[in-house]
Each structure stands twice: as C-alpha cells, then as structure tokens.
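Please keep the sequence and the coordinates in view while reading.

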Amino acid sequence: QQAAGRRTYDAYCGRCHEPYSPSGKQGPSLQGVFEKPYLSISGLPANDERVGDIVKFGRSKMNGFGQVLNQQQVDGLLAYMHTL
C-alpha cells in the first residue's frame, strides 16, 4: 500500500510538495505531517480523515484530486505520507 502511495505521491503531489524539504516547491513540505496533532498551515486535525479530505476536495491554493484519485489511491497516499 505504501509503495502504491509513493507512486501516487510522485505523480500528483510531488510537483508542489517536496516530501522532505520546502525548497523550490509551491506547497509546504509534507515531512512529519502526521507527527503533530494539527496541520501547521490550516490548524485542522492531522489525521487521515482531514488530510484525505484535503486531497480529495482541495484547500486554499490546492486543487482537489477527488475526480482523479479513487479511495484506494487516497488510502495508499495517506499510508505513504505516514512514512514521511
């Protein structure tokens, strides 16, 4: 699941979110996104439900990917993001 999530990340998220460094990217780094109780920019709870909603529906400057990714891909992406 994590390997599939990494492929999804590379295909859709990596263009704006560097996994380990914010340099050179439009969006924030996603390293440690689940290590704190709240997301640093939005203040929303840092859990699978909220992050999954952001992936599917977007937020602020980020477009949603709910029309592109199925639930299995979102779940794999979240599993991968837990490793960052």
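The buried residues of α1 pack against α3; contact here means heavy atoms within 4.5 Å, and buried means under 20% relative accessible area, exposed over 50% and partly exposed in between, with a 1.4 Å probe and protein chains only. Helices are DSSP runs of H or I with at least four residues, strands are runs of E with at least two, and both are numbered from the N terminus. This is a predicted model, in which local features need pLDDT of at least 70 and side-chain atom pairs count only at pLDDT 80 or more, while totals for chains, interfaces and linings use all residues. Residues are numbered from 1 along each chain as its sequence is written, and side-chain values use heavy atoms, with hydrogens and water left out.

In α1, the buried positions are Gly-5, Thr-8, Tyr-9 and Cys-13. Viewed down the axis of α1, these residues fall within an arc of 105°, so they line one face of the helix; the arc is that of the directions from the helix axis to the C-beta atoms. An α-helix has 3.6 residues a turn, so residues three or four places apart point the same way. Thr-8, a residue of α1, has a relative accessible area of 8% and is therefore buried. With neighbours within four places in sequence left aside, Thr-8 is in contact with Cys-13, Leu-69, Gln-73 and Leu-77.

The next helix, α2, has Val-51, Gly-52, Ile-54 and Val-55 as its buried residues. They cover an arc of only 155° around the axis, which puts them on the same side of α2. What covers these buried residues includes α3. The face of α2 turned away from the buried side carries the exposed residues Glu-49 and Phe-57. At the start of α2, a side-chain oxygen of Asn-47 comes to within 3.2 Å of the backbone nitrogen of Glu-49. After α2 comes Gly-58, with a positive phi near 80°.

The loop between α2 and α3 also holds Ser-60. Most residues other than glycine have a negative phi. Ser-60, in contrast, has a positive phi near 50°. With a relative accessible area of 74%, Ser-60 is exposed.

Which residues lie nearest the centre of the largest pocket? They are His-17, Pro-28, Leu-30, Ile-41 and Met-62, among 31 lining residues. Elements giving two or more residues to this lining are α1 (2-13), α2 (48-57) and α3 (71-81), and α2 gives the most, with three residues. The volume of the pocket is about 910 Å³. On a 1 Å grid over the protein atoms alone, a pocket is an open set of points where a 1.4 Å probe fits, with protein on both sides within 12 Å along at least five of seven lines, and lining residues have an atom within 4 Å of a point. A volume is the space filled by probe spheres set on the points, which are joined across faces, edges and corners. By class, the lining has 16 nonpolar, 10 polar and five charged residues; Ala, Val, Leu, Ile, Met, Phe, Trp, Tyr, Cys and Pro count as nonpolar, Asp, Glu, Lys and Arg as charged, and the others, Gly among them, as polar.

His-17 is placed in the loop between α1 and α2 and is buried, with a relative accessible area of 13%. A polar atom of the His-17 side chain lies 2.8 Å from the backbone oxygen of Pro-28. Not counting residues up to four places away in sequence, His-17 touches Tyr-9, Lys-25, Gly-27, Pro-28, Leu-30 and Met-62.

Key. A polar contact is a pair of N or O atoms within 3.5 Å; within protein, one must be able to donate a hydrogen and the other to accept it, and residues adjacent in sequence count only if both atoms are side-chain atoms.
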